[in-house]
Amino acid sequence: MFLEPKESILNLDAYKPNFGSSNLKKLIRLSANENALGYSPRIDKELKIKSFNRYPPQHSEELIKTISKINNLDQNKLILGNGSDDLISVIAQTFLKPGDEAIYTEYGFLQFPQSITVAGGIKKIAKDINFHVSIDNILNLITDKTRLIFLANANNPTGTFISKSEVYRLINNIPENILLVYDAAYAEYIRNDDYIDGSELVENFNNVIMLRTFSKLHGLAGLRLGWGYSNSKIINFLMAVRGPFSVNSIAIEAGIIAMKDIDFQNHCFDFNLKSMKFMEIELGKLGVKYVKSSTNFILINLSDQDKSSTKNAVLFFKKNGVLVREMNVYNLPNYIRVSLGSEEENNYFLKLLKKFITQNDNR
Ligand SMILES: Cc1ncc(COP(=O)(O)O)c(C=O)c1O
C-alpha cells in the first residue's frame, strides 16, 4: 500500500490556474493579470548576477532595505516570499491546525481556499454583495475557531475594492487572536484616497499582515517575488516556516532595480488607467456589461450575448489567438475575466468581441 497524504490533501485538486493554451504561434495572453508592458527596462541593463553556484541570502537585507525606504516601512516587519502565493501558504501552515476555521470571500483569490485546505483548516465562505466584499458577511462567520481572515483588496477576479472605512470596520470588530491577511496584490494600480494598501493597519494593529507582489505592476511574475508586512513577532514565526532559500538571487536583484524605477511604475500606472477607461468606453458602446475595476483586469458579463455559457466565447477568442479566463470555478458561467493588454492587444480583443457578439445576434 502506498503512503497516503494527510486527509485534507486526499481529495484536493492541484491549484493549476487554467491560463489556457493554443496552437497559434502568436498568442495574446489576457488570462493571467500580468503586465503587458513588461518590466523595468533597467533590469536588462543593470542585472549583473552570475554566481549561480552560491545560495541566495536567506533574508536579503538589500531588497528589504529598498522596499522599506521606498514605501516608508519598518524593515524589521518585512518578509520576502517566492511570490505572494508562497506567503499565503506559509501563513496558513503557520496558523491553522486541523479543525481551525479560516474565512475568505465568495469571489476571492483561489489560492486562499487551496492553502486553507492544505493546512487542514476548515473553509468558511463569506458571500459577496454585488461583486463587493461584504464586511457584515465576514463578521457573521466568526466563531471561536476562526484563526485567519483572507481579504484581497482589491479583489481578483472582481477588480473591486472596499473603502478604508469598511476595512477599519472589519479590523475594529475582529478579536486580536484572529489574523487578517490583507492581500494588496493590485495596490500599485490604485491611487484613491478611499483605498488603503494595508500598511497603516499593520502600524495600528498587531493582528494584520499586508501582502504585496512584484508580479503585477512591476511585471516580474516569472521571477516569483512577493513580500509581507506585519508585526515582527508574526514575521519571525513565518520566517521559521518559510523555506530558507525560497527567494532566488535573480528575483532579489531584479526586485531591487524594479522597486527603484519609479518612472517605469508611473508609466505602467498611467497606461493602465488610460487602457481601463478606453476599455470601459468601448464595452459601453458594444452594450456589454462589466464590473467596474480598479485593477489591471476586468470582469465582463456576456450573459446578454450568449445565454448558455461563455464557453463559446472563450473558445472563439482562443481560436483567434486571445486567451481570456473563464469563471466557472466561481459559479459565474456567464463571465470572463480579461487582463488589459497593450494598446494593440486591447484593440484586437475588442474587435473580436464585436465579431463574437454580431455572430451571436445572427444565430
Ligand atoms: C489577489 C492576488 N493575490 C496574490 C496573487 C499572486 O501573486 P504572486 O504572483 O506574487 O504569487 C494574485 C495573482 O493573480 C492575486 O490576484
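Two strands are taken to pair if DSSP finds at least two bridges between them, and helices (H or I, at least four residues) and strands (E, at least two) are DSSP runs numbered from the N terminus. The structure is a predicted model, in which local features need pLDDT of at least 70 and side-chain atom pairs count only at pLDDT 80 or more, while totals for chains, interfaces and linings use all residues. Residues are numbered from 1 along each chain as its sequence is written, and side-chain values use heavy atoms, with hydrogens and water left out.

Strand E3 comprises residues 101-105, and five of its five residues are buried, where buried means under 20% relative accessible area, exposed over 50% and partly exposed in between (1.4 Å probe, protein chains only). Strand E4 (residues 122-126) runs parallel to E3 and is joined to it by five bridges, with threonine 105 standing opposite alanine 126 of E4. Between these two strands the chain passes through helix H5 (residues 111-119), and this β-α-β crossover is right-handed; a crossover is given that hand if, with the strands pointing away from the viewer, the path from the first strand over the helix to the second runs clockwise.

Strand E3 is also joined, by three bridges, to strand E5 (residues 146-152), and these two strands run parallel. In this pairing isoleucine 103 stands opposite isoleucine 149, and the bridge partner of glutamate 101 is threonine 146. Six of the seven residues of E5 are buried, so this strand is largely enclosed by the rest of the structure. Strand E5 is in turn connected by five bridges to strand E6 (residues 179-183), again in a parallel arrangement, and leucine 151 is placed opposite tyrosine 182 of E6. A right-handed β-α-β unit is made by E5, helix H7 (residues 164-172) and E6.

The surroundings of the ligand were examined next. The ligand is surrounded by 13 residues, the closest being Ser84, Asp183, Thr213, Ser215 and Arg224; a residue is counted here if one of its heavy atoms lies within 4 Å of the molecule. By class, this shell has four nonpolar, five polar and four charged residues, with Ala, Val, Leu, Ile, Met, Phe, Trp, Tyr, Cys and Pro counted as nonpolar, Asp, Glu, Lys and Arg as charged, and the others, Gly among them, as polar. Polar contacts, defined as pairs of N or O atoms within 3.5 Å (within protein, one must be able to donate a hydrogen and the other to accept it, and residues adjacent in sequence count only if both atoms are side-chain atoms), include one between an oxygen atom of the ligand and a polar backbone atom of aspartate 85 at 2.9 Å. Polar side-chain atoms also lie 2.7 Å from a ligand oxygen atom in the case of tyrosine 186 and 2.6 Å from a ligand oxygen atom in the case of serine 215. The protein covers 93% of the 400 Å² of accessible area that the ligand has on its own, as computed by the Shrake-Rupley method with a 1.4 Å probe; for residues, only the protein chains shown count as cover.

Elsewhere, serine 339 belongs to strand E13 (residues 335-339) and is buried, with a relative accessible area of 2%. The side chain of serine 339 reaches the backbone nitrogen of asparagine 33 at 2.8 Å.
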